[in-house]
Amino acid sequence: MSISTPGGEQRRPTVVSTGKKPGARPAAAGKPAGGKAGSGKSTGPRPGAGGKGRKPVTPVKVSQGRSLGPIALFVAVGVLAASIIGYGAWAAFQGSKPWEDRAADISGIVNYRELDKELVKGSNHQAGPIKYEINPPVAGPHNASWQNCMGDVYDAPIASEHAVHSLEHGAVWITYRPDLPADQVAKLRGKVEGVEKTMLSPYEGLDKPISLQAWGYQLKVDNADDSRIDDFIKTLRVNASIEGPTALCNQGITATGTTPRDGATMPQG
């Protein structure tokens, strides 16, 4: 028995097309249609093949932040290196300056070479006690014999007449009040012992606890920790001599006492 449809012709049942040729076998389970099993190739549309493909997605980079440790270390090393180089340049510049300029840079120093040119002429030997207007004296007439100044430490006052002759030879004479605390005296001793062309002794009547003398120069300080003491010694020892660096500091008077010893048997200079 047949069923008629409006319009006349008998219609065939509607068949949904699967895109396969008639008679093709259905794809095996697990195998993608239109491709070989296990080929790993995508069956999706390819760019330029029958239409536009999808644009590749640019991966988004997630910033994890920089570690500041290495940067800080690099900066610290750079600053340290710059400081070392800068200090070296400054020290080299300071060392290249004439010693007179370096002496002038010491705060509080008194330059009697500028204040009294007659006083610092030198080579004025006199016998007997000499009255000095500057105490401790820094220059002027003096005894023909010098005080031994090979890093000598004297526990009692010495004759200024011999000490001034030592200054003429380039010595630095450090003096201190007799009541200066023992620890302060010990620090001064440490700056003198074994250092040629230096000497240390107590001195009565100082207006400051410590006074340093070189030929034509003087510096007074309050304590042995003052860094200017080292600056004074470094700058003026030997340099302040008006008889040259070979002037003797040994073979001098080694006795203490404020009365000069005239006629001592020793080289003259």
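In the predicted model, Val 238 is placed in the segment after α6. Although Val 238 is not a glycine, its phi is positive, at about 75 degrees. Val 238 counts as partly exposed because its relative accessibility is 27%. The segment after α6 also contains Gln 251, another residue that is not a glycine and has a positive phi, here of about 60 degrees. With a relative accessible area of 45%, Gln 251 is partly exposed. Most residues other than glycine have a negative phi, and most peptide bonds are trans. A cis peptide bond is found between Asn 135 and Pro 136, with omega at about -10 degrees. Pro 136 belongs to the loop between α3 and β2.

The secondary structure of the protein chain consists of 6 helices and 6 strands. Along the sequence these elements follow the pattern α-α-β-α-β-α-β-α-β-β-β-α. The protein chain has 269 residues, of which 32% are buried.

Tyr 112 lies in helix α3, which spans residues 112-115. Its relative accessibility is 16%, and Tyr 112 therefore counts as buried, the cut-off for this class being under 20%. The C-alpha atoms of Tyr 112 and Gly 216 are 4.9 Å apart, while 104 residues separate the two in sequence. Ile 233 is part of helix α6 and is buried, as its relative accessible area is 10%. Ile 233 and Ile 174 are 59 residues apart in sequence, with a C-alpha to C-alpha distance of 9.4 Å.

Side chains of opposite charge can pair when their charged atoms come close. The model contains 9 salt bridges. One of them joins the side chains of Arg 189 and Asp 155, with an N to O distance of 3.3 Å. This pair links distant parts of the chain, 34 residues apart: Arg 189 is in helix α5 (residues 182-192), and Asp 155 is in the loop between β2 (150-153) and α4. Arg 189 is partly exposed, at 28% relative accessibility, whereas Asp 155 is exposed, at 62%. Asp 155 and Arg 189 also belong, with Glu 193, to a network of salt bridges.

A further salt bridge connects Lys 187 and Asp 225, whose closest N and O atoms are 2.7 Å apart. Because Lys 187 lies in helix α5 and Asp 225 in the loop between β6 (217-221) and α6 (228-236), the pair ties together parts that are 38 residues apart in sequence. Lys 187 has a relative accessible area of 36% and is partly exposed. Asp 222 and Lys 208 likewise form a salt bridge through their side chains, at 3.2 Å from N to O.

Phe 74 lies in helix α1, which covers residues 68-96. Phe 74 counts as exposed because its relative accessibility is 66%, the cut-off for exposed residues being over 50%.

How values were computed. Residues numbered from 1 in each chain as written. Predicted model: local features only at pLDDT ≥ 70, side-chain atom pairs only at ≥ 80, totals over all residues. Heavy atoms only, no water. Helix = DSSP H or I, 4+ residues; strand = E, 2+ residues; numbered from the N terminus. Buried < 20%, exposed > 50% of the residue type's maximum accessible area, 1.4 Å probe, protein only. Salt bridge = Lys/Arg side-chain N within 4 Å of Asp/Glu carboxyl O.
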